[in-house]
Amino acid sequence: MEKVKFLFLGFVFGIILIKAEVVSWFRIQEMFHFQAFHMYGVMGSAIAVGMLGIWLIKRNGVKTISGDPILLEEKKFSKGNVIGGLLFGMGWALTGACPGPLYALVGSGIVAIGVVILSAVLGVFVYGVIRDRLPH
Amino acid sequence: MNLLTQPWPWYVSGPLIGLMVPLLLIAGNKAFGISSSLRHICAACIPTKRNFFNYSWKDESWNLVFVSGIALGGLVAGFFFQNPNPVRISEATVRDLSLMGIKNFNGLVPEELFNLHALFTLKGFILLVVGGFLVGFGTRYANGCTSGHSITGISNLQLPSLIATCCFFAGGLLTSWFVLPCILKL
């Protein structure tokens with residue numbers, strides 16, 4: 001039951017993704033061709049609000065609803081940020097979707113996206129198998 | 001109801017997406033990030049002794065609940081609040097994509113490419129299967145995606161996240177400009 005709040009937040013997020021049209025393959029191509037401000041506006045304002053939220057949490061020592069201190073993970077640089085980043089970018093342009101939109105699209109009834117998700121799971125599995133041999 | 005069937009402008013949807021970051025932190029110390037769900041699916045469903053999948057995925061099950069919520073939200077938005085009009089992309093994009101052979105601009109994705117029959121064509125296979133593989137492999141190798149790096153990471157002033165985001169964009173630009181036109185000609 002404790003997890004219902006995450007189901008609810010995901011549900012709201014799924015609706016926002018569809019209504020913002022950031023799940024649209026057309027919007028992604030438009031973004032990569034610099035032909036509209038829409039995607040940049042969405043990403044930019046999302047980052048601005050996220051930044052403000054984190055700043056307020058840190059400044060005021062906001063706690064979680066169960067009273068625990070809020071901890072944020074520091075991201076450590078690895079070569080994967082670059083190589084993996086480029087590879088993900090390629091997949092993003094081909095499928096027109098990053099992981100969040102994939103779940104929203106499959107929910108909206110586009111069955112073929114289920115195949116994209118399965119293939120993404122396979123990609124993660126292959127990464128897990130060969131990761132020791134990759135530069136990090 | 002009009003508000004729900006109309007697409008939302010960036011200045012409404014962007015800030016709402018950004019709110020997910022503090023809300024998840026306050027709800028339970030969770031970092032907004034979606035691609036790790038793919039790793040948890042592997043750990044939960046594929047029997048393997050590999051170290052990378054040998055962790056207690058159940059401790060991270062909030063993430064799987066969260067992405068199930070996303071699919072549910074997609075279902076409600078897609079079936080009940082569906083926008084009856086095509087996505088209003090710029091004229092220039094319509095022209096460019098038409099030149100590459102895209103004909104149907106009605107849905108959120110080009111229907112001629114995103115259907116199960118297209119999977120058995122070379123271009124459909126590359127877009128859906130190869131594209132999906134790159135999304136999974138790339139996000140895990142980069143240790144995050146648009147949500148974990150570009151939104152959460154940059155919001156938390158993490159330099160690796162900014163670098164990763166620049167690389168997401170570089171890979172996407174090259175593919176959209178130079179690779180996609182070749183694939184769509186297949």
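**Entry 1: helix 3 of chain A**

I looked up what the buried residues of helix 3 of chain A pack against: helix 2 (25-32) of chain A, together with helix 2 (10-28) and helix 7 (146-155) of chain B. Contact here means heavy atoms within 4.5 Å, and helices are DSSP runs (H or I, at least four residues) numbered from the N terminus. This is a predicted model, where local features need pLDDT of at least 70, side-chain atom pairs count only at pLDDT 80 or more, and totals for chains, interfaces and linings use all residues. Residues are numbered from 1 along each chain as its sequence is written, chains are lettered from A and ligands numbered from 1 in the order in which they are written, and side-chain values use heavy atoms, with hydrogens and water left out.

I then listed buried residues (under 20% relative accessible area, 1.4 Å probe, protein chains only); among them in helix 3 are A:His38, A:Met39, A:Gly50 and A:Ile57. Helix 3 runs over residues 38-60 and reaches 33 Å from its first C-alpha to its last. Just after this helix, I found A:Gly61 with a positive phi of about 55°.

**Entry 2: B:His149**

I followed helix 7 of chain B to B:His149. B:His149 counts as buried because its relative accessibility is 1%. Leaving out residues up to four places away in sequence, I saw that B:His149 touches residues including A:Lys75, A:Asn81, B:Asn143 and B:Phe168.

**Entry 3: chain B overall**

I counted 8 helices and 0 strands in chain B. Of the 186 residues in chain B, 53% are buried. The C-alpha atoms of chain B fill a box of roughly 50 × 40 × 35 Å along the principal axes.

Conventions:
Helix = DSSP H or I, 4+ residues; strand = E, 2+ residues; numbered from the N terminus. Expected span 1.5 Å × (residues − 1). Buried < 20%, exposed > 50% of the residue type's maximum accessible area, 1.4 Å probe, protein only.
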